[in-house]
Amino acid sequence: MSNIGSYEERLRGFDWSIGEKELGYKKGDKINIGWYCSDRVCQMGKASKLALVWENHEGHVKKFTYNDIRQLSNTFASLLCGLGLKPGERVCIFMDKVPELYISFLGILKMGGIAQPLFSAFGDESLHTRLSNAETAAILTQKKHVAKVRKIREQLPQLKHIIVVDSEGSPLKEREVAFDMERVPRVDDWKAYESTAETPSVLHYTSGTTGQPKGAQHVHYSLIAQYLTTKWVLDVKDEDIYWCTADPGWVTGTSYGIIGPWANGVTQVVLDAGFGAEKWYAFVERHKVTVWYSAPTAIRLLMKEGKEPVAKYDMSSLRHLCSVGEPLNAEAVIWSKEAFGLPFHDTFWQTETGSIVITNYPGMPIKPGSMGKPFPGITATVVNPKTFEPINNPGTVGLIALRPGWPSMFRTYWKNEETYRSKFKNGWYICGDRASIDADGYFWFVGRDDDVINTGGHLVGPFEIESALLEHQAVAESAAIGKPDPVNMEVVKAFVALKPGFAPSDDLDLEIMNFIRKKLSPLAMPQEIEFVKSLPKTRSGKIMRRLLRAQEWGEPIGDVSTLENE
Ligand code: 6R9
């Protein structure tokens, strides 16, 4: 029996207070996610239960009980307070998937700080953009990434402390602090900051069409939805071994790679290593993973290797599979049923929504290719893109719209209230995605409604890439779009017009690609550069990415009446 039971019954009697009650929270109480994910679990009699089993690419394993993560997160909280950091200040986590990442996340919340996780593969420019926007006061990182921080620290006057969690053997510089959580004395007793429902908790940067990435601001009350969706959608139970493959630099890795599982008191496993089909299967076998949350790109990579490698491993521990981040194609659902005897359940949500909003529940009939139905407590529909009125015609494509008000909904974009407000129309929060709803109420994803590129489930903003391209000496103008890719769904393609004196060449091509990879990230690096004489622009001078994208995807070009050079 799944945790959700009958979807229809849950819908009828639903109220978010179900989650509040289970967590022992009452309106007006203090609520600190860091405390809920460690101290409370210990108080519920699970102090010696494993919270985290971590393994790296060399097969080195570390295990932490709930009491360990309670004490170690206290130790981080105490360190941060000792450095003079104050509640409300932004503390960035810039690490690979090491135990310190997961544990310091709780520590930051326990001292009242706002946790700002950033993907460790980000280059110095991606990092700078986000740290400068958030006016981040401290950053926790590893020695392998500290050079990127050093490169930009003089341009970040607000950044007071750089904490290196594994600095042994490498000399540190001014403003840098060495902190090895496994060597310092543990803090057993720490009074968590008395945050309340609306106290800011996590700041996750996400890309849009225009401008630099925006910081989606979450609050401690998000816990209620993250807890309940983990329980009902991911269906975790006390005896489960849960594996979320997402990196906490992205929202899935925090909402469902830290908060959800730990608030539910389950054991989670983390593999701090790159992808490899057999590596992953061996990991499942070794740790007897029961619940697995992954992404379509990973599933497609597994599919590419075929079913033979699956047969080499004992995958019988698996009980429930879920997917997020991009459209989960019907073939992937069917393949997983054949390969693992279990279908992947699609889940749809965003950095902004903080938790799963549309999904296939355990036990509910899956229509392969559909995202499923709204989570109880979420009112979701598709609206007409002009009037923002709900479309009541099954199969008609509109914009996915959600009625605001669930616990984990973002509260604003950091220092960008105007863009935040622009996301609401006619009383709906507009996700920026297109979909249709069938006669049974199932949602079918169609595509994004903007120019954001989704590569392997990671959103990349064209503006950020174009701005970085312009910093290259040879580039006069540029446009970045997503081009189709069989595995990653989309990869970045850049159109570049060169400055006089520069000519297209393979060397220049490579040089520009690497320039972006280093400055931004491997995800943002164009996989293809097309050199052009000029770019199509509107009469007001805006580059028409839509046109380039349509050409790339072989789609109708649409209205070009505002085109400058027509
Ligand atoms: C959690 C996360 C959000 C965007 C979203 C949509 C795409 C996410 C999806 C999906 C089709 C799904 N997306 N889940 N598209 N089917 N099940 O991924 O957050 O990084 O903010 O991305 O990802 O376009 O709007 P985020």
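The second largest cavity is lined by Val 202, His 204, His 218, Gln 226, Val 251, Thr 254, Ser 255, Ile 259 and Gly 354. This is a predicted model: local features need pLDDT of at least 70, side-chain atom pairs count only at pLDDT 80 or more, and totals for chains, interfaces and linings use all residues. Residues are numbered from 1 along each chain as its sequence is written, and side-chain values use heavy atoms, with hydrogens and water left out.

**Cavities**

A cavity here is a set of points on a 1 Å grid over the protein atoms alone, where a 1.4 Å probe fits but cannot get out. Lining residues have an atom within 4 Å of a point. Grid points are joined across faces, edges and corners, and a volume is the space filled by probe spheres set on the points. By this rule there are three cavities of 30 Å³ or more.

The second largest cavity has a volume of about 40 Å³. Strand E8 (200–206) and helix H10 (251–263) each supply at least two residues of its lining. H10 gives the largest share, four residues. Helices (H or I, at least four residues) and strands (E, at least two) are DSSP runs, numbered from the N terminus.

H10 itself is mostly covered: 13 of its 13 residues are buried. Buried means under 20% relative accessible area, exposed means over 50%, and partly exposed lies in between (1.4 Å probe, protein chains only). Just after H10, Gly 265 takes a positive phi of about 70°.

The largest cavity has a volume of about 160 Å³. Of its 19 lining residues, Phe 122, Arg 130, Trp 250, Leu 459 and Glu 464 are the closest to its centre. Helix H7 (124–134), E8 and strand E24 (458–460) are the elements that give two or more residues to this lining.

The table sets out the two linings by class. Ala, Val, Leu, Ile, Met, Phe, Trp, Tyr, Cys and Pro count as nonpolar, Asp, Glu, Lys and Arg as charged, and the others, Gly among them, as polar.

| Cavity | Volume | Lining by class |
|---|---|---|
| Largest cavity | about 160 Å³ | 11 nonpolar, six polar, two charged residues |
| Second largest cavity | about 40 Å³ | three nonpolar, six polar, no charged residues |

**Domains**

Domain 1 covers 7–189 + 197–434, and domain 2 covers 453–553. These bounds come from an automatic or database domain assignment. The domain centres, taken over C-alpha atoms, are 29 Å apart. Across the boundary, 25 residues of domain 1 are in contact with 24 residues of domain 2. Contact means heavy atoms within 4.5 Å.

**Buried single residues**

Ser 355 sits in the loop between strand E14 (344–348) and strand E15 (358–359). Ser 355 counts as buried because its relative accessible area is 1%. Its side chain makes a polar contact of 2.7 Å with that of Ser 408. A polar contact is a pair of N or O atoms within 3.5 Å; within protein, one must be able to donate a hydrogen and the other to accept it, and residues adjacent in sequence count only if both atoms are side-chain atoms. Leaving out residues up to four places away in sequence, Ser 355 touches Ala 225, Gln 226, Thr 229, Tyr 256, Trp 349, Trp 406 and Ser 408.

Lys 519 lies in helix H17 (residues 506–519). Lys 519 is buried, with a relative accessible area of 18%. Beyond its neighbours within four places in sequence, the contacts of Lys 519 include Asp 124, Glu 125 and Glu 471.

Pro 99 belongs to helix H6 (residues 99–110). Pro 99 is buried at 1% relative accessibility. Residues up to four places away aside, Pro 99 touches Leu 52, Trp 54, Lys 62, Phe 64 and Met 181.

**Positive phi**

Most residues other than glycine have a negative phi. Glu 135 has a positive phi near 45°. Glu 135 lies in the loop between H7 and strand E5 (138–141) and is partly exposed, at 30% relative accessibility. Lys 415 also has a positive phi, near 55°. Lys 415 is in the loop between strand E19 (412–413) and helix H15 (417–422). Lys 415 is exposed, at 54% relative accessibility.

Definitions and conventions
1 Å grid on protein atoms, 1.4 Å probe; cavity = no way out; pocket = protein on both sides within 12 Å on 5 of 7 lines; lining within 4 Å.
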